[in-house]
Amino acid sequence: MTQAAATDWTPESWKQRLAAHQAVYPDRAAVDVAVAKLREFPPLVTSFEIERLKALIADAQEGKRFVLQGGDCAETLADCRPDVITNKLKILLQMSLVLVHGMQKPVVRVGRFAGQYAKPRSSPMETREGVTLPSYFGDLVNGAEFTPEARTPNPHLMVRGYQHAAVTLNFIRSLIDSGFADLHHPEYWDLRFMHHASLPEELRREYQQMSRRLAEALKFMEALGETGIDDLSRVAFFTSHEGLNLLYESAQTRRVPRRDGWYNLTTHLPWIGERTRALDGAHVEYFRGIANPVGVKVGPSTTPADLLALIDRLNPRDEPGRMVVIHRMGAARIAQALPALLHVVRHARRRVLWVCDPMHGNGVTTRHGVKTRDFNDILGELRQAFDLHEREGTILGGVHFELTGEDVTECVGGAAGITEDDLTGNYSSLCDPRLNYQQALEMAFLIARHAAK
Ligand code: PEP
Ligand code: CO
């Protein structure tokens with residue numbers, strides 16, 4: 001029996017529920033045109049890949065693998081460029097290598113890319129110097145520029161977003177097919193590509209030794225005729241995004257030949273955001289019926305009863321690999337907010353993959369009004385997360401970051417010592433502040449060390 005078969009779910013049954021954070025499109029006819037177009041396009045991912053990820057997540061739920069999820073807060077159409085995409089893949093690869101080494105287990109890489117174009121906003125409108133316009137909801141919905149033309153939600157942007165996701169994914173797939181992520185070639189994993197990002201010498205040396213050792217170990221295993229090397233040495237990337245714009249998500253939700261169920265074929269792992277996880281809301285209704293693994297973000301206001309009800313609704317049959325719970329509490333609140341959630345899920349014997357997002361509970365605004373996050377708060381939340389899980393006897397099976405392979409100045413702290421005054425140097429995120437290349441790699445080292453203790 002499929003998730004959806006038991007009830008009256010359809011890819012559009014969410015329309016009967018209250019949908020929070022949805023764009024208000026002035027031109028309804030244009031919405032129908034865009035949705036019809038999206039329905040006709042070939043899918044971005046396959047059900048085979050989705051089921052493969054589900055199997056890997058099922059392993060991670062048992063502590064046999066670790067999930068690294070990361071990318072931009074708001075992916076933009078303008079950043080659909082080879083250098084930006086390559087750098088994002090490289091930082092995820094390099095972090096994963098550090099984590100493989102530190103945790104002594106395989107790492108599943110999941111990008112926040114090829115569709116992370118829609119953003120929930122705390123206020124639907126924004127006022128600047130007396131002028132009020134719709135807020136920027138991400139490139140899937142409207143433009144960031146503060147003009148009436150750009151800010152009016154435009155349904156055609158769903159089509160453009162989809163096309164850019166396709167181009168992004170096509171480039172990622174060809175990079176991987178041509179050996180970019182092949183562990184036999186540590187030169188691709190080299191740090192030199194970011195010569196301008198000065199990693200502390202000690203970490204640089206540790207990293208270089210690590211990648212060399214890994215390449216040698218692979219060669220050795222192959223010389224012994226080990227099977228399964230291909231699986232080990234060929235790195236896969238999966239995609240994920242917040243499934244916020246339900247018109248976009250449901251237009252590409254399909255049945256596939258020879259499988260039960262409905263698949264969201266825009267991405268492997270869609271997730272429900274903290275602001276749209278209402279049990280009776282449209283997002284939970286949509287997500288309960290799809291066959292993909294699904295994530296749900298939970299913040300400090302989540303009660304144990306809320307979480308159990310969400311798990312019941314989204315994964316009533318306790319299917320392995322299906323349910324990913326991403327907690328994002330903040331360094332100051334995790335110790336008080338997380339243990340009760342872990343406890344109740346463990347006692348109910350529900351199968352979930354616990355992932356820590358140490359970004360979204362740690363946002364602060366500087367005295368100059370700039371949104372930032374402190375490296376130490378991010379690290380502090382992660383360390384506490386590992387310890388709290390250990391104490392409860394649950395498994396922290398993954399981490400979720402907002403990061404970029406570029407040399408931006410958006411988060412303060414780290415070995416490079418970025419201060420509040422540096423933030424204006426290269427702040428390009430259209431939404432939340434991301435770890436830059438160096439901060440992200442340093443973070444991977446520090447959590448690998450903490451987890452290895
Ligand atoms: C996000 O992941 O960018 C986001 C908005 O997170 P959350 O739903 O956890 O606030
Ligand atoms: Co964000």
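How many nonpolar, polar and charged residues are in the lining of the second largest pocket?

**Entry 1: ground rules.** I am working on a predicted model, where local features need pLDDT of at least 70, side-chain atom pairs count only at pLDDT 80 or more, and totals for chains, interfaces and linings use all residues. Residues are numbered from 1 along each chain as its sequence is written, chains are lettered from A and ligands numbered from 1 in written order, and side-chain values use heavy atoms, without hydrogens or water.

**Entry 2: the pocket.** I looked up the opening question and got 10 nonpolar, nine polar and 15 charged residues. My classes: Ala, Val, Leu, Ile, Met, Phe, Trp, Tyr, Cys and Pro are nonpolar, Asp, Glu, Lys and Arg are charged, and the others, Gly among them, are polar. The second largest pocket holds about 760 Å³ of space. Of its 34 lining residues, Pro120, Arg121, Lys371, Cys431 and Asp432 come closest to the centre. Two or more lining residues each come from β3 (125–128), β12 (363–365) and β13 (371–373); strands here are DSSP runs of E, at least two residues, numbered from the N terminus.

For the record, a pocket is an open set of points on a 1 Å grid over the protein atoms alone, with protein on both sides within 12 Å along at least five of seven lines; a cavity is a set where a 1.4 Å probe fits but cannot get out, and lining residues have an atom within 4 Å of a point. Points are joined across faces, edges and corners, and a volume is the space filled by probe spheres set on them.

**Entry 3: the ligand.** Where does ligand 1 sit? I find ligand 1 in the second largest pocket, by the test that more than half of its atoms lie within 2 Å of the grid points. I then checked polar contacts (N or O pairs within 3.5 Å). Oxygen atoms of ligand 1 lie 2.7 Å from a side-chain N or O of Lys119, 2.9 Å from a polar side-chain atom of His360 and 3.0 Å from a side-chain N or O of Glu402. Alone, ligand 1 exposes 300 Å², and the protein buries 98% of that (Shrake-Rupley, 1.4 Å probe). I counted three nonpolar, two polar and seven charged residues in its shell.

**Entry 4: cavities.** My search of the whole structure gave three cavities of 30 Å³ or more. The largest cavity has a volume of about 60 Å³, and its lining includes His21, Phe137 and Leu244.

Note on methods. Helices (H or I, at least four residues) and strands (E, at least two) are DSSP runs, numbered from the N terminus. A polar contact is a pair of N or O atoms within 3.5 Å; within protein, one must be able to donate a hydrogen and the other to accept it, and residues adjacent in sequence count only if both atoms are side-chain atoms.
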